[in-house]
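Colleague: I would like to learn how to read the features of a model like this one. Please give the general idea each time, then the case at hand.

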Amino acid sequence: MKKAAKAKPHSPRVESSGLTRGPKIVHTARDVKNFKALEKRVGKPGDFPFTRGIYPDMYRGRLWTMRQYAGYGTAKESNERYRYLLSQGVTGLSVAFDLPTQIGYDSDSPFAAGEVGKTGVAICSIEDMELLFDGIPLEKVSVSMTINATAIILLALYVAVAKKRRIPLSQLSGTVQNDILKEFIARGTYIFPPKPSMRLVTSIFQYAKDYLPKWNTISISGYHIREAGSTAAQELAFTFADAIEYVRAALSVGLKIDEFAPRLSFFFNAHQDFFEEVAKFRAARRIWARIMKEKFKARKPDSLKLRFHAQTAGSSLTAQQLEVNIVRTALEALSAVLGGTQSLHTNAYDEALALPTEKSAQLALRTQQVIAHETGAPATVDPLGGSYYVEHLTDRLEEESWEYLNKIEKMGGAAACVETGFFQREIQQSAYEYQKQVETGQKIVVGVNKFVENDRFSGKILKVDPKVREDQIARLAQLRQRRNGEMVQRKLGDLRKTAQGTEGMFPVILDCVENNVTLGEICAVLREEWGEYRGAVVL
Amino acid sequence: MTIRSRPGSPTVLERFKKKDEVALARLISLVENREKDYEKILAGLFSLSGQAFRIGVTGPPGAGKSTLVDKLASHYLNQKKSVGIVAVDPTSPFTGGALLGDRIRMQGTSERKAAFIRSMATRGSQGGLAAATGDVALVLDAFGKDYIFLETVGVGQVELDIASQADVTLLVLVPESGDSIQAMKAGLMEIADIFVVNKADREGSRKTVAELDMVLNFKRKKGEWRYPVLPTEAVNNVGIDVLLDTMDEYRKFAAEHHLFEKKRREQIKASLLGMVERKIRNRAEAALKVELETLVEKVWKREVDPYSAVEELLAADGQLR
Amino acid sequence: MKKYRILLAKPGLDGHDRGVKVIAAALRDAGFEVIYTGLRQTPEMIVEAAVQEDVNAIGMSILSGAHMTLFPEVLELLKKRNSSHILLFGGGIIPKEEMDELERLGVGKLFGPGSSVNDIIYYLKKALPGQKRKEEALF
């Protein structure tokens, strides 16, 4: 076997993500590890180690879910939108929240100025949550919430609304992203230090185990890691390092592996290097199956299956020659489909500049429909399996990921690496490296450093109506007037006491929100008790 | 050229004395850059200084120094004391640039008015750096800061020199530092007065604390300072109170045993000698430019040995002799 | 060579700092002293830091669309702090008309998506020597 096929550990990755130089001119059987045993090693679709997919029939049985994440200013506006979507036959909702809600500020906080309702809906109290899901049958729809640092509060609000409506909690189904580690690593909407943050994560696990059997308690995300500039191998490795940390945390609060493993889900980026992306999704399934089987001794077949959502790469969109983004997104989406994704979000071409218009959002969805119904790509399972090149890439990405994973283990695991800034540094280096290649023209970005047209961006960008914040502030003021202030203080006292201890936080937070305590008030107490975290920036 | 004061517009120094932070920042730059007249300024500020308590904080990268400084500073600020922080980070030897990110971890402090944070790059000057840092501290002191933190990365000579500008020095380590402690055993006491094992929730912290304690206090004689080794989790605000108490204890102990006087005298001596050295050197370079070049040439050609060359140089300038 | 000090800041709650970090690294490699303040900065915090650090320029990365309020606010605060000699530049998704308007108000160059970091470095090296503080007497 040729040495060349082997990747050097953590050197600038040859081939990876289109960085440095390109792949070999021709790939042959010799580039695939143990080619004669390939079929056995790769496994059948639906069988361990799931390289070819987690179901035997994949899209012949059921197409992937076309899930378009969307955000709208107020609870009322969002509610109208959701009702419309449901009337169109959608069975799953995907909720985007504004940044103050994500970082634990009420709409009337000075920190929220200019941000209310901007990237999604603003939710401060149970009133907002009731409005958001007004007339929506919570026992029937699955609700996915992109929320992390304050996931426990939003989930508590959701549960509180269901309780008020006397819906059995066991019927609630949906997902909270709840992946705080990647917030520290890449996305930046963290509040508390890692330790209490992890406690909030496991508090959700604990509560869901007893009361929310159909809830996906976490969606472990590589998407944002990739957006921050990582390579494909880093995206895989860092996501799984996070996953291992969460599994350990869950085990440490007394959960059994096969109890919660089937409820873990993942979220990856569908980026530009087409074949590498297909290989990445294939490698991901293999790595996860091995982690669960060998490291955590999971038994249930469902515990070993990696289920994931994919979204096309926002960072690949360019502000120059906007329409070219449609082509980029289509190719990225195709790679996710060929890689066997369970659900997919396609970006709108104008998102390089602002929130999408109705028209561009529709075009994004149509892109998925063309892939699903016109290209024939879903007709056969894992159509690229057995390709010398794709199998070679799959092996290589798996290998590189394991090298990273072993290194991270030696450094004390993902939480420790977050604190030392290891992930952040690795990602920054990759991002900087990429930028340098764009600058020198080694890496071509169509419309940006080649085939350039002089199309300086002109026009309006979508701005949120300031009335959204005014409305929220007025409603909050009314709530604070009307509610039982003494009760609120008592509940906040309970919260403080619980925060000082070590037990699960969900029940006390649920009690708070049921008594009209706001998200900002809860976070203010926790900020006082636990402090605010400032990210590790190591450059 | 010194710009003359215009009638009506206050001078930088006047504004400095009226607690104008813009003037403070301007004077720090002047001192840091060794701009013209910086010595005159320092001379003028000297009489205003001497009130602040200086805390040196050093340790390996990633030990959590900035976060620790943030927590300590917050405590003083809550007591209505004023705080200045000088955070020193290395300059890239290849590009001459620097990336200074310590402020990020000190936001608990910077949200409040009272803390004045200044990031400094080492700028490759080995000898002069400690002096410049000390001078910047003097400016902050003269401005009226009650507490001044001097934070540096690493445990090399330069960092120690900077730390030596302080009244009390903390060495911040992490549980994994155990191995390196063994290697530098002997020198530890010269580095710091108080030892902190931060991130103490990590594995091995107890062992590291115990080992350090052994190494540090093994040969302690009666009446000597017992080097405290304190576990902290700065991020979670754990162990900070004990550390603050210990710093107070050290302050008392040092006062009772006249350690400050000794330290300050040594600092003064070192800085005086440093200044003299620099002056003489500058003067020699200026006065003997021609002679120096000639002698460099001769030594290089091995016509003269370096030792005789020095004598020749000294002879050339009577004043230096 | 005179050392130029640049403060890079990210106002607002948005956590996407890939761009600003790449710029930070590039400016360091071009010989600048870069002070990065991290996420979630208010205009007050940014100006406070710029004053304390006595920087030559402030670079703000704004992707949230709030540039028409944030840039003028920082300019105003700089004026109040007697620090208008500090060059304010930035980057973000800013339509041409608004760029022009901000430049009229006294903001330096604004860089849109896909800008080259070399352009930014070139701009700073050209603009900074002309950026002088008001001459004032020391004593």
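Colleague: What is the mean pLDDT of chain B, and what percentage of its residues reach 70 or more?

Modeller: pLDDT is the predictor's confidence in each residue, from 0 to 100. Chain B has a mean of 85, and 89% of its residues reach 70 or more. This is a predicted model, in which local features need pLDDT of at least 70 and side-chain atom pairs count only at pLDDT 80 or more, while totals for chains, interfaces and linings use all residues. Residues are numbered from 1 along each chain as its sequence is written, and chains are lettered from A and ligands numbered from 1 in the order in which they are written.

Colleague: Where in chain B is confidence lowest, and where is it highest?

Modeller: Elements are DSSP runs numbered from the N terminus, helices being H or I with at least four residues and strands E with at least two. Chain B has 14 helices and eight strands. Confidence is lowest in helix α5 (residues 107-110) of chain B, at a mean of 60, and highest in strand β8 (residues 229-231) of chain B, at 96.

Colleague: At what angle do the axes of α7(A) and α9(A) cross?

Modeller: Two packed helices are described by the angle between their axes and the distance between the axes. Axes are lines fitted to C-alpha atoms, for helices over the stretch in contact, and angles run from 0 to 180 degrees between N-to-C directions. Helix α7 (residues 194-211) and helix α9 (residues 232-252) of chain A have axes that come within 10 Å and cross at roughly 65°.

Colleague: Which residues meet there, from α7(A) and from α9(A)?

Modeller: Residues are in contact if their C-beta atoms, placed from the backbone, lie within 7 Å. From α7(A) come Met198(A), Val201(A), Thr202(A) and Phe205(A), which meet Tyr246(A), Ala249(A) and Ala250(A) of α9(A). By class, this contact has six nonpolar residues, one polar and no charged. Nonpolar here covers Ala, Val, Leu, Ile, Met, Phe, Trp, Tyr, Cys and Pro; charged covers Asp, Glu, Lys and Arg; the others, Gly among them, are polar.

Colleague: How many residues does the largest nonpolar core have?

Modeller: In soluble globular proteins, nonpolar side chains tend to be buried together. A nonpolar core is a set of buried Ala, Val, Leu, Ile, Met, Phe, Trp, Tyr and Cys residues joined through C-beta atoms within 7 Å. A residue is buried if 20 or more other C-beta atoms lie within 10 Å of its own, exposed if 12 or fewer, and partly exposed in between, with C-beta atoms placed from the backbone. The largest core has 251 residues, and those with the most contacts inside it include Leu157(A), Val139(B) and Val34(C). Helix α9(A) gives the most to this core, with 12 residues.

Colleague: Is Phe451(A) buried or exposed, and what of Asp54(C)?

Modeller: Phe451(A) counts as exposed because it has 12 C-beta neighbours inside 10 Å. Asp54(C) counts as buried because it has 23. Phi is near 55° for Phe451(A) and near 45° for Asp54(C), each a positive value in a residue other than glycine. Phe451(A) sits in the loop between α17 and α18 (467-482) of chain A, and Asp54(C) in the loop between α2 (43-53) and β3 (57-62) of chain C.

Colleague: How many residues of chain B are in contact with chain C?

Modeller: In this interface, 35 residues of chain B are in contact with 29 residues of chain C. Helix α2(B) supplies the largest share of the chain B side, six residues.

Terms used:
Two residues are in contact if their C-beta atoms, placed from the backbone, lie within 7 Å.
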